[in-house]
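Reader: Hey, I've just opened this one and I'm a bit lost. Can you walk me through it?

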Amino acid sequence: MSEIKTLGIPTPEEIKQAQIDFAPRCTSAGRVNDKETQGTVEYILNFARKHSLFVMAYGTGCGAIEIPATMTSRYDAERFGIRGAATPRQADVLLITGYLATKTLKRVIRVYEQMQDPKYVIAFGSCAINGGMYFDSYNTIKALDRYIPVDVYIAGCMPRPESVINGFVKLQELIKNGNAGNGEAYREDLDWYRKNQQKVIKNWDFPDKYNW
Amino acid sequence: MEIIAIILLILLVGSILSFLINRVNKNFTGVTAFLVALASGVVFFTKVQSGYQFNFQLAGLDLQWGLTDYSYYFAYIIFGLSVLALLYSIKYMEGKARLGYYYASFLMTILGMLGVVVSQDFVSLFIFWEIMTWASFLLVIYNSYYKIKTKGIKYMIFSAIGAYAMLTAIVFIRVHYDTLLISEAIAKGAFNFEQYIYIPIFLLLGFGIKAAVMPFHVWAPSAYSKSPMPFTTIFSGAMSKMGIFGIGLVFTTFYLSNDPENFYWVRTILGWLGGITAVMGTIYALIQTDAKKLLAYSSVAQLGYIVVGLSTGTELGVMAALYLAVIHAVFKGALFMVAGAVEKQVGTTDMTKISGLIRKMPWTFFVALVSIIALAGVPPLGGFVGKWLLYEALITESNNYILVVVVFFSSTAAFMYSYRFLFGLFLGQEEKETEHIKEAPVTMIIPMVILAVIAMIAGSYPGLIFEPAAKAMEAIGFQNVSWQMSSLTNIWGDTTDLFLISMMIFAVFIIAFIFLTLKGLKKTRYVGTKDISTSGELPKEWENLTFQIDFFKPFERAAAPLYSMNMNKIWKNLGKNLEAFFGFFRKLYTGNGQTYALFVVIFLVVLLLFKDVIFS
Amino acid sequence: MEGILFKILGAFLTAILAFVVGMFYGGLRRKVTARVQNRVGPPVHQNFLDLMKLQSKRTNIAHGFMGHLAPVWIIIAAITVLMFIPILHGDLWFNNLTMKGDLIFLLYMMVFGSLGMALGAGQTGNPNSAMGVSRGLAQLAGFEIPFMLSLIALMLQFKTTSISELMQVQESGSWIIVQNPFAFIAALLASLGMFRYSPFDIVGAPAELASGPRSEFGGKYLGTMMTGGAVFAFIKLVMYVDLFLGGAGNNNLEGIAGTALGLVELLVKTFLLYMIPVFIGLVSPRFRTEQAIQFFWKWPTFFGLLAIGWALYKNGTF
Amino acid sequence: MVITPVHYIVAPLIAAFAIPLLTKIHKDAARIVPGIVLFYNVVISFFLMNHIAEHGMISETLAGWEAPWGINLVVTPFTGFLATMVSILGFIIWLYGYRFKRTLKGGEVKFYEILQMMMIAGSIGIIITGDIFNMFVFIEIVGISAFSLTAFYRSRDGAEAGFKYLLIGGFASAFLLLGILIIYTQTGTLNMAQIAERMPEVPQQMKIIALVFFLVALGIEAEMFPLNGWAPDAYSQAPSPTSATFAAVVSVAGVYALIRVVFTMFDVEGVNNYLMVMGFVTMLIAEIAAISQKNLKRMLAYSSIGQVGLILISFGIGSNLAVFGALFLMLNHSVIKSLLFMAGSYFIYNTDDKRITALNGIHKKLPIVSFFFALGSLAIIGFPPFSGFWSKFYILISAANEKYIFLIIGILLVTIIELTYYLRVVGRIYFAKEEEGEPASHRPSINALVAMSSLALFIIVIGVYPDLIMPHIQNAADALLDKTNYIQQILSVKN
């Protein structure tokens, strides 16, 4: 029973460890050229990227129920150029809807790695941000950005379609400014991500060499 | 001594020689056979001209050997394919048992085929036909230790039916027209459907069985797929063309010398037989899981096209048939060699067991790709020319409009098995079991590549084949056959410019290829086939993700009525019923002496009773 | 020399026209779909944005040489067919190599791309791709029958296998849709399968097969395929217009004005034609493969046979 | 003339009596003496053939009695051809069987060799005699030898087969005698030439009744359906050289007798059709029976019956070409079927099993014999370029000349049946999964190999170049059909 931690005031060591663990790793700013450094071509391309978002909606949790509403007639996300993609190869945005069990996390990572740069991740709902109501569950992960880089968080449990669209608009802004897309960051910090990933995924069987 | 006799003798001696050499040293058998075939081929093409002939007497019959342009055309197929197949055999057969037997039968088959085309009289034709048949029979049963009863015998029985039908016709030609020379028989109108209808029908039956025409095609798939692969190239590529040779000789000469209006039914029946053969061959090809079997059924289908082409009896149609005869020999020869190479390297051609050989055997794949494109009839390779000629002949010059659709359906469905073949062997997941596979030996690759290159060249310059084909057609009764080097024209004057098309395709290919390759060259990665998007799941090593079983199940379901017509079953039932019937008669021999004595007495009484009826 | 230059320039113009129109039609389809579903929908130029985005992907993945070549086959097929189809009748710019190939050639060339792409899809090793290909080829064997029947009817009725000759026929007489309505019906029904919109879209069913043959292609590969697909959509429409709706450009105006008028005519006709499969697709559920095949072998084939009968009646065979 | 036809008969008879005595001197004499006698027969044959080629046919009267009253022996090109054939085959069969029986006790070898010799000599006698009653006597000689040889092994089955043969053979003798009786009462002569001369005066009814008795009696000898019940058992139970003799010699003699009686003695209409129909029925039923046989020698026996059926058909067609074809086929059948029996008996000898299933993969043990068997199979089916093809071809042409299209189709369909069962056996020999790989216990001895190779050589050489033999057959056919010449020659010969 000692392995299950009870809630309580964290010890200083734990706080220190948490600071290391939660250190900001999404350092897209500065890596991807921002508005000032963008050339004209890149600006135009970003414009296209911004208006054409193929979404790989990874329906991991209850949040998936909001996606149909977002996509269909009532909220019509397609007017922003947002449409579903069937496979990660074609997708630009990975949408993590809801909590992630450790079992699911493995698949999410795999999907994320199979997407092509530039690729964006939207963490959708409280669970994906900090564990939400599953904050003390033994088999869900609490913070998505320890395992894959996240561009936009949409808060709420569940976030309504309006806020989903709001999140996408935010992402579009980031893309326009050249601040979104963390594929390269992920590659560079791979060791750190891998360490975190391996910590929760017990039956680790990914290929040793990560071939982006 | 006559040069033809010398060539045949070279082959005969070579056959015996390779058998004997195998007793001494197994390594030289293949080389000997190859050299013999090459030597006879070289002698043939350098020393023998078309128009050559000589007469002699045997068994009190006037016989004649010689070569017309028509038979010369088929000699190209025979020698071209045989030499390549023997070259291919050297490595393919390495380490197999009974090499002497194999090569001796192989050369005997070549002898038989060559004999068939050089025979200008029916008796030598029949003799060589039978030599060809039994020599090939020996090769058909080479592999099938356990299946002799069902596979080899089936081939032999159908061949015998064909041969004896032919013999009947020959005998009657001799009786009615008092000649055994083919040219005289043609001149006297022996193939006329009006006078003695059984003569041409029996001849067509005899040749048709070799050409695997419905409903006598059932021997072909198993015989083709069970033979050693180098031989199957000959079997399907050249020997089946002997049937086409005969059909062309009988039907076309008859058709040209008579008023077509009266014999519309002949052509319709022949055409439909060809069409149904094509369809049935195709739909059975696409449900096969064994690559060899697939190709075998596909051969049946392709022979169906050729028969359809011949059945039109028009210039374009016969040209289509002759062209297809060559191009089919080329691409199907190459494909059987591909299957053989795979079999040699992997040990099986079962498509459910192997996949993803493209990186292991790139040259083989290249040949397979080119040949399959030619087979499917997609421009700009050689197969398209044949398809074009066939369709245009049917549409513009024949009245069989529905037949066009049947043939077209068959060739559309042929896309399916074409794809299935490439996908099954070369594409798909690269499995761990095939990791160690190497490319086939060079002597196996060379003949394949030569055939593939021919298929490619024929797509842009079909005139190279049209030229001898036109001569051949003039030899069987057409006048002034027109052809162009690299464009096709039908009688309505519509043209297709093949050279232009090839150039166009080539240019676009280069541009698109360069664009795709150069764009993001450094950021484009080539990954293995395990790196696929399977809903985030990581494929395990042992997981077989290749889709191979029931590949065309939806089509099967849709075309279920077509599949219910299984000729094989009908023949099998016939065989069973016959045996039961025979069993009944056999019981007349009871083994009981009293019964036999009773028979004698009864027979005597019956004879005495009916003596006035029987004797007068 | 000048002729060749004009030809090359014309070819480029044709290609650009086909590309632009095809892409816009794709966008229009999405817009129309959205409006029918009571949505605003993406802008008409959405497809251009998608294409740009795909081509601007920084990394790409290919599963091997055939996978790499897959879009090339489509482009080859698209451009080649485009060059052999008369866009505007008798026009200097948009006539390319029209007289150098005939309907049989076009028929075969049109499957070239799909087959090539199928090979690429096969090499990816994704089971979904192979399944999609299997369905696609089976469906091909379905709709090619009525299509071929209708083409044969036209060939028989007008004694030509050349598409330009058929346009010539319509210039002097009435449109073929009037002269042989059954052929048009058969071909139109076949075109539903050709466009692969609902109810015949099981080939690349996104949810079931993860977009089927395309499932492993992204970035520049997918983009190039989209380009080819757009050109192909235009080709099919132009071909139908040429065959049945009298073609375009049959006006007496000279020079640029004639061309412009012809283009407008072409756009109107193709757009109207395009809306037929689009609207049918909007209101239809999805056929399974065998249902699709059986559908094509029933009514469209019946109409195709009727068309042949009609053609024979018209040209006096009986 | 030093050598006369009577040597054919005298030499074996003397030898038959001498052998028991000579055996006392040397125990191998029983084996060697028949060889010498049979070889002497071959020498006689060649001598006589040479003679008739120069001087025309020979008619030798025995004991100074002239033709109509005495017994005469006739060597025409026809009978000479058959006699040559039979004597050569007889010699080859002796050569083959020379060491075959070494395992038996000395006494049995003696009987075997004597009977075998007498059977061959009797067959030659049937062929060359010109007297109908004399023919009856020779038929009895052959018959008694054959009955005894059938039961030679003294096994239960052998005895049964021998008894069956004896029973049916008894019928044959009785009917033959009846026929001869009727003819003698009507014509008052036994010489066949004279009978033929006087035949037009015989009342039609009598003629036909006599013919019927002849047909039934000789039909039994010629293995015609449904009178051939004895044949399969006898063939399969007799020692193998004897089986070969049955096929190659005895059936030839039987067919000869039938043909001689029908063609020369009688002038009845409809008999040709009878031969054709019964020949076809015989062939059809025999081949049908053969396809379901499990015993190799029985299968070969039925196949022999089938071939005889085809010979009868061909004689039934009756034209010169047809008779030519029939004679050619007779020759081929004798040669090929001897080869098949010879090869087949080595299989049985080695496997101790008469069943076809025992032959699986036997070619590894007996490669040369297997090759001969395969060659024989292909030849008897009628594949070119083996000799069987030419005879079949000429028979078909002759049938076609008479427009018997259904007959042709029938013959060819039956050939397909034949092909099926022969190829099944060949397939088993070469391609079935072999049994335990022990080496063959009985490899063919050198004399057997010589015998078989000479037959195989004949098959191939005649197949490639039939002109070697065709003139002789043509002469024989002409001689058979030239009835008036035959009568005149015999009746005019004075000693």
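Predicted model: local features only at pLDDT ≥ 70, side-chain atom pairs only at ≥ 80, totals over all residues.

Reader: OK, what does the model score for ipTM and pTM?
Author: The ipTM is 0.85 and the pTM is 0.89.

Reader: Which chains share the most contacts?
Author: That would be chains B and C, out of 4 pairs of chains in contact. Two residues are in contact if their C-beta atoms, placed from the backbone, lie within 7 Å.

Reader: How many residues does each one put in?
Author: Chain B gives 62 residues and chain C gives 65. On the chain B side, α16(B) contributes the most, with 12 residues. Helices (H or I, at least four residues) and strands (E, at least two) are DSSP runs, numbered from the N terminus.

Reader: What classes of residue are on that side of chain B?
Author: The side of chain B that touches chain C has 40 nonpolar, 13 polar and 9 charged residues. Ala, Val, Leu, Ile, Met, Phe, Trp, Tyr, Cys and Pro count as nonpolar, Asp, Glu, Lys and Arg as charged, and the others, Gly among them, as polar.

Reader: Which strand of chain C does β5(B) pair with?
Author: β5(B) pairs with β1 (residues 60-62) of chain C, in the parallel sense over 3 bridges. Strands pair if DSSP finds at least two bridges between them. In this pairing, B:Arg525 stands opposite C:Ile61.

Reader: Where are chains A and C relative to chain D?
Author: Chain A and chain D do not touch, and their nearest C-alpha atoms are 49 Å apart. No contact joins chain C and chain D either, with their closest C-alpha atoms 40 Å apart.

Reader: What is chain D made of?
Author: Chain D has 19 helices and 2 strands. Its radius of gyration, taken over C-alpha atoms, is 21 Å, close to the 23 Å that the globule rule (2.2 Å times the number of residues to the power 0.38) gives for 495 residues, so chain D is as compact as a globular protein of that length.

Reader: Switching to B:Thr29: buried or exposed?
Author: B:Thr29 is buried, because 27 other C-beta atoms lie within 10 Å. B:Thr29 sits in helix α2 (residues 27-47) of chain B.

Reader: What does B:Thr29 touch?
Author: Not counting residues up to four places away in sequence, B:Thr29 touches B:Ser18, B:Ile21, B:Asn22, B:Leu99, B:Gly100 and B:Tyr103.

Reader: How far is B:Thr29 from B:Thr314?
Author: They are 285 residues apart in sequence and 46 Å apart in space, C-alpha to C-alpha.

Notes
Residues numbered from 1 in each chain as written. Chains lettered and ligands numbered in written order. Buried ≥ 20, exposed ≤ 12 C-beta atoms within 10 Å, placed from the backbone.
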